[in-house]
Amino acid sequence: MFNSISREKLIFLIRKRYPNLAPFAEALYAEPGYSIVKMSDAIVLHEILTELQELLNNIAAHRRDIGILGDDNRGTLGFILAYVGDCNALVALEDIEPLLDKFKELAEPLGAIMNTEKTRILTSTNNTSTVQLLQQSHDLNNKVIAHSLQNAIAKYSQKKTENNTLSPYEVTDGLRVLAAPIGSRSFCNSFLIKAMSKAQQDASKLTSSHLTYTRTSPMAYPTIGTAGKELSMVNFPP
């Protein structure tokens, strides 16, 4: 979505939702290709997700009306969690395709393009394909859900192959939710090991770093030493 938001649509949304902020927004985004504050993704995403949550509420209400309460007794109500330009949705399997179809319908006119190489659909956390399990079921409804789920993965969750083509990618171990790993124990452990390894590499780059101070009178200042050593206090001469 980043850098593709329509400036005109953004200002229109601000005028509609936040009229008191319209003059400020118009000043920030006064000219094409120019922006002082780059928060357009969050504003546009909020507009899209407001309608998507309403869609999920209506789907759950319909299920309740026909007596399908789900395991939450609320018609399997879906939830959306978003921060700035990223979002995560927890929804019933049969709601995934209509939800993503609606996102595409609402987003593209605003200049928000879904990145199918970053969009991920988690169907299980035990390394087993839920699509295949539903396809093998003798229940007709499960087969319908499998078809819808397979379509959603093919359209919106893709991974680049070795020959540089895109292939449907069903996630069956875990994913990140606002940078935190959610999934199987092995997935979370692997994620944390990689994160700590990256942090250790970044920390090693600081081992030779020092702070430079301009001094006019004697005073004690903290200094950064090599990684793993305690913070020490030294007295700089005048």
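This is a predicted model: local features need pLDDT of at least 70, side-chain atom pairs count only at pLDDT 80 or more; totals for chains, interfaces and linings use all residues.

Visitor: What value is phi of Asn127 near?

Guide: Asn127 is a residue other than glycine, yet phi is positive here. The angle for Asn127 is near 60°.

Visitor: What value is phi of Thr76 near?

Guide: Thr76 lies in the loop between helix H3 (40–65) and E1, and with 24% relative accessibility it counts as partly exposed. Phi is positive in this non-glycine residue too, near 55°.

Visitor: Back to Ser129: is it buried or exposed?

Guide: Anything under 20% relative accessible area counts as buried. Ser129 has 16%, so we call it buried.

Visitor: Which side chain makes a polar contact with the side chain of Ser129?

Guide: Leaving out residues up to four places away in sequence, Ser129 touches Glu170 and Thr172. The side-chain-to-side-chain polar contact, at 2.7 Å, is with Glu170.

Visitor: How far apart in space are Val91 and Gly78, C-alpha to C-alpha?

Guide: Val91 is found in the loop between strand E2 (86–90) and helix H4 (96–107). Skipping residues up to four places away in sequence, it touches Leu56, Gly78, Ile96 and Leu99. Val91 and Gly78 are 13 residues apart in sequence, but in space their C-alpha separation is 4.3 Å.

Visitor: On to charges. How many salt bridges does the count come to?

Guide: Side chains of opposite charge can pair when their charged atoms come close. The rule asks for a Lys or Arg side-chain nitrogen within 4 Å of a carboxyl oxygen of Asp or Glu. By that rule, the count is seven.

Visitor: Which side chain meets that of Glu94 in a salt bridge at 3.7 Å?

Guide: Glu94 counts as partly exposed, at 33% relative accessibility. The N to O distance of 3.7 Å in this salt bridge belongs to Glu94 and Arg63. The two sit in distant parts of the chain, with Glu94 in the loop between E2 and H4, and, 31 residues apart from it, in helix H3, Arg63.

Visitor: Is Arg63 buried or exposed?

Guide: The buried class takes in everything under 20%. With a relative accessible area of 8%, Arg63 is buried.

Visitor: How many residues apart in sequence are the parts that Asp101 and Lys155 tie together?

Guide: Asp101 is partly exposed at 29%, and Lys155 is partly exposed at 35%. Their closest N and O atoms are 3.0 Å apart, in a salt bridge. Asp101 belongs to helix H4 and Lys155 to helix H6 (residues 140–156), so the tied parts have a sequence separation of 54 residues.

Visitor: Which residues do salt bridges that share partners join into one network?

Guide: Lys104 and Glu108 also meet in a salt bridge, with 2.7 Å from N to O; Lys104 is partly exposed at 37%, as is Glu108 at 35%. The network built from shared partners joins Arg63, Glu94 and Asp95.

Visitor: Last one: about how much accessible area do Leu81, Tyr83 and Leu178 have together?

Guide: Tyr83 has its place in strand E1 (residues 79–83) and is exposed, at 57%. With Leu81 and Leu178, Tyr83 forms a nonpolar surface patch, and their accessible area together is about 320 Å².

How values were computed: Residues are numbered from 1 along each chain as its sequence is written. Side-chain values use heavy atoms; hydrogens and water are left out. Patches are made of residues with over 30% relative accessible area and no salt bridge: like charges are joined within 9 Å, nonpolar side chains (Val, Leu, Ile, Met, Phe, Trp, Tyr) within 5 Å. Accessible areas come from the Shrake-Rupley method with a 1.4 Å probe; for residues, only the protein chains shown count as cover. Helices (H or I, at least four residues) and strands (E, at least two) are DSSP runs, numbered from the N terminus. Buried means under 20% relative accessible area, exposed over 50%, partly exposed in between (1.4 Å probe, protein chains only). A polar contact is a pair of N or O atoms within 3.5 Å; within protein, one must be able to donate a hydrogen and the other to accept it, and residues adjacent in sequence count only if both atoms are side-chain atoms. Contact means heavy atoms within 4.5 Å.
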